[in-house]
Amino acid sequence: QTAPRALHRRTPTDVIFTTILKATPLNRYPIPREGKAAAGRLTKLTEAIETFRQSFHGKVICPDEPSYETCRSQFNRINNSLPHLIVQPTSVNDVVAAIKFSTSQAWSISVKSGGYSSTGVGVVTNTLLIDMSMMNGIFVDRKFKTVTIQGGARWIDVVRAVAPFYVACPYDCST
């Protein structure tokens, strides 16, 4: 008779990581590498990027462009991720267009706000990186006493924008 197997209790974290790994396989790299078939797929990808670029109002940055290295960099230099493509939207419509393009290419999405993730999770290899740095508006509505903050706003800018209205920020990490 065999000894009973020890039961492993699954924590919510186990479930989340299992779900993430199933949703985004790490070995998927849809950009073709070499050969005649790969050249055809690369041509289609290049055409798709150019079509996307024409309808996108922000910046579209490919790996062969000089600004690619700067845009993918983060405060945490340990993570040296290489996204397929970087986009810097200027509006909600641009964000929607980027998500649709990523879906059409079967790419996962990563989002970078300020690039200050302590673990470097804002930039991920083999994804479409949506860099929110150009959407950094902070809008204070005095009448309704609300503040609307876009995804690329830095916290120090938020603190400075609300200070004249004597509004307290729940967290002040002025960087």
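The legends below describe close-up views of a predicted model.

In this predicted model, local features need pLDDT of at least 70 and side-chain atom pairs count only at pLDDT 80 or more, while totals for chains, interfaces and linings use all residues. Residues are numbered from 1 along each chain as its sequence is written, and side-chain values use heavy atoms, with hydrogens and water left out.

**View 1. The largest nonpolar core has 16 residues.** Such a core is a set of buried Ala, Val, Leu, Ile, Met, Phe, Trp, Tyr and Cys residues joined through side-chain atoms within 4.5 Å, where buried means under 20% relative accessible area with a 1.4 Å probe, protein chains only. Ile49, Phe52, Val60, Leu85, Val87, Ala98 and Leu128 touch the most other members. At least two residues each come from helix H2 (36–55), strand E2 (85–88), helix H4 (92–104) and strand E4 (127–131), these elements being DSSP runs numbered from the N terminus, with helices (H or I) of at least four residues and strands (E) of at least two.

**View 2. Phe56 lies in the loop between H2 and strand E1 (59–61).** Phe56 is buried, with a relative accessible area of 5%. Setting aside residues up to four places away in sequence, Phe56 touches Val87, Gln88, Pro89, Asp94, Ala97 and Ala98, contact meaning heavy atoms within 4.5 Å.

**View 3. Four strands form an open sheet in the order E1-E2-E4-E3, with mixed pairing.** Strands pair if DSSP finds at least two bridges between them. E1 and strand E3 (108–112) stand at the edges, each with a single partner strand, so one side of each has no neighbour in the sheet. E1 and E2 pair in the antiparallel sense over three bridges, and Lys59 stands opposite Gln88 in E2.

Technical notes:
Buried means under 20% relative accessible area, exposed over 50%, partly exposed in between (1.4 Å probe, protein chains only).
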